[in-house]
Structures are given as structure tokens and as C-alpha cells.
Amino acid sequence: GIWSEHEVLAAHRFGLRLEHDAAIEELATEAAARGFDREGREDFTGWWSLTIDDADSTDIDDGLSIRPTLDGGWEVAVHIADPDAFVPAHSELDRDAQRRGESIYFPDRVVGMFPAVLSEQMSLLADLERPALTTHVIFDQDLDIEEFRIVPSVVRMNRRLSYDEAD
């Protein structure tokens with residue numbers, strides 16, 4: 001009789017906050033509405049890109065692009081969602097996310113590092129332009145690295161695959 005039917009014992013054990021404060025929700029709503037600035041970001045929206053994630057995931061935070069080069073090598077771009085495009089450093093939203101440290105997945109719920117209204121704007125959903133940090137690598141035909149760089153980018157995923165579909 002001490003715990004309710006839907007109690008998350010790990011939250012009690014580790015002192016996790018399952019909900020975001022109303023003030024944080026409001027700041028997240030404002031940040032999502034503002035969107036992001038494309039200036040200074042390399043445009044990868046013309047690359048064919050995909051994500052592979054759990055079928056139920058709403059926090060799609062990484063994507064992949066690969067294409068052949070004219071000399072028989074490959075260009076590979078790994079895109080990671082960029083929260084900094086929405087959340088100013090040292091802001092209250094940033095401090096709240098730092099306190100949380102990560103999104104936590106329980107069997108019956110996800111406790112997001114950011115409120116859902118904002119994490120959905122960061123998520124690399126298909127057919128939407130999103131800010132990312134992209135690791136761009138060019139391999140020669142022997143798969144030796146010719147060029148490697150990490151750049152702020154804008155991406156558009158073309159396809160979302162589940163792990164089963166990718167398999």
C-alpha cells in the first residue's frame with residue numbers, strides 16, 4: 001500500500017524528476033516556436049538521408065547519409081541533432097537539461113532531457129529541415145580517410161527505418 005500502481009521506483013531511488021516544471025515547459029514552447037537560424041550551417045538537405053531507431057521512438061537524434069564519389073570512394077555524413085540551435089548556453093533550459101543529463105527510457109514512459117514540445121522540434125523527422133552537427137568523412141576507394149570534418153548543418157531526412165526494417 002505504500003506505492004501506487006504506476007509508481008516508478010527508479011525515480012525515487014535516483015531522485016529523478018518525471019515531469020518538467022511549468023516554467024521550463026513555457027521556455028521550451030517559446031524556443032520551439034522561435035525555430036533555428038540556418039546562418040553558418042552547411043546545407044546537407046540535398047543528400048539522401050535516413051534514420052534508424054526503435055519503432056516507438058519520438059526522439060530521433062541521429063541520421064546517416066552515404067554516397068559514392070566519382071573516383072570510387074565514398075562520402076559519409078553522420079548527423080546528430082543539435083539542441084544548441086534552440087537552447088542558448090547557460091539559459092534556464094540549458095541548466096535544466098544539464099541537471100537531467102539525458103533522456104531516460106522506462107518500459108512505460110520516456111523522461112526527456114527537454115520537454116516534448118522542444119525535443120520534437122529537434123528530432124530528425126523525415127521531410128523536415130532540422131539543425132544538426134554533421135561529421136563528414138570522405139574515403140578513397142581503399143577506404144582510407146581523405147578528409148574529415150565536423151560542421152554545424154541543416155539536414156532533411158528522407159526515410160525513417162525501424163531496427164526491424166533496417167535488418
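## A buried histidine and its surroundings

With a relative accessibility of 4%, H136 counts as buried, a term that here means under 20% relative accessible area, while exposed means over 50% and partly exposed lies in between (1.4 Å probe, protein chains only). The structure described here is a predicted model, in which local features need pLDDT of at least 70 and side-chain atom pairs count only at pLDDT 80 or more, whereas totals for chains, interfaces and linings use all residues. Residues are numbered from 1 along each chain as its sequence is written, and side-chain values use heavy atoms, with hydrogens and water left out.

### The chain as a whole

The chain holds 5 helices and 9 strands, where helices (H or I, at least four residues) and strands (E, at least two) are DSSP runs numbered from the N terminus. Read from the N terminus on, the elements follow the order α-α-β-β-β-β-α-β-β-α-β-β-β-α. Along the principal axes, the C-alpha atoms fill a box of roughly 70 × 35 × 25 Å, and of the 167 residues in the chain, 38% are buried. A contact means heavy atoms within 4.5 Å; among the contacts between residues at least 6 apart in sequence, 65% join residues at least 24 apart.

### Around H136

H136 has its place in strand β7, which covers residues 129-139. Leaving aside residues up to four places away in sequence, H136 touches F44, W47, E75, V76, A77, E147, F148 and R149. With one of these, E75, the side chain of H136 makes a polar contact of 2.7 Å, a polar contact being a pair of N or O atoms within 3.5 Å; within protein, one atom must be able to donate a hydrogen and the other to accept it, and residues adjacent in sequence count only if both atoms are side-chain atoms.

### Aromatic pairs

A search of the whole structure finds 2 aromatic pairs. Rings of Phe, Tyr and Trp (its six-membered ring) pair if their centres lie within 6.5 Å, and planes under 30 degrees apart count as stacked, over 60 as edge-to-face and the rest as tilted. The rings of F36 and F86 have centres 6.0 Å apart and planes at 65 degrees, so this pair is edge-to-face. Because F36 lies in the loop between α2 (22-34) and β1 (42-43) and F86 in the loop between β4 (74-81) and α3 (92-100), the pair ties together parts that are 50 residues apart in sequence. F36 is partly exposed at a relative accessible area of 22%, whereas F86, at 4% relative accessibility, counts as buried.

The rings of F44 and W47 have centres 5.2 Å apart and planes at 55 degrees, so this pair is tilted. Both F44 and W47 are buried. The charged end of R67 sits over the ring of W47, 3.7 Å from its centre; a charge is said to sit over a ring if NZ of Lys or CZ of Arg is within 6 Å of the ring centre and within 35 degrees of the ring normal.

### Helix α3

Which residues of α3 are buried? They are L93, D94, D96, A97 and R100. Seen down the axis of α3, these buried residues fall within an arc of 165 degrees, so they line one face of the helix; the arc is that of the directions from the helix axis to the C-beta atoms. They pack against α2, β6 (109-111) and α4 (116-122), while the face turned away from the buried side carries the exposed residues Q98 and R99. Just after α3, G101 takes a positive phi of about 85 degrees.

### Salt bridges

The whole structure has 11 salt bridges, a salt bridge being a side-chain nitrogen of Lys or Arg within 4 Å of a carboxyl oxygen of Asp or Glu. Three of them are set out below.

| Salt bridge | Closest N and O atoms |
|---|---|
| R38 and D43 | 3.2 Å |
| E147 and R149 | 3.1 Å |

E147 is partly exposed, with a relative accessible area of 33%, and R149 also counts as partly exposed, at 23% relative accessibility. Salt bridges that share partners join E92, R95, D96, R99 and R100 into one network. E92 and R95 both lie in helix α3, 3 residues apart, which is about one turn of the helix. Their relative accessible areas are 31% for E92 and 38% for R95. In the bridge between R38 and D43, R38 is partly exposed at 35% and D43 is partly exposed at 42%.
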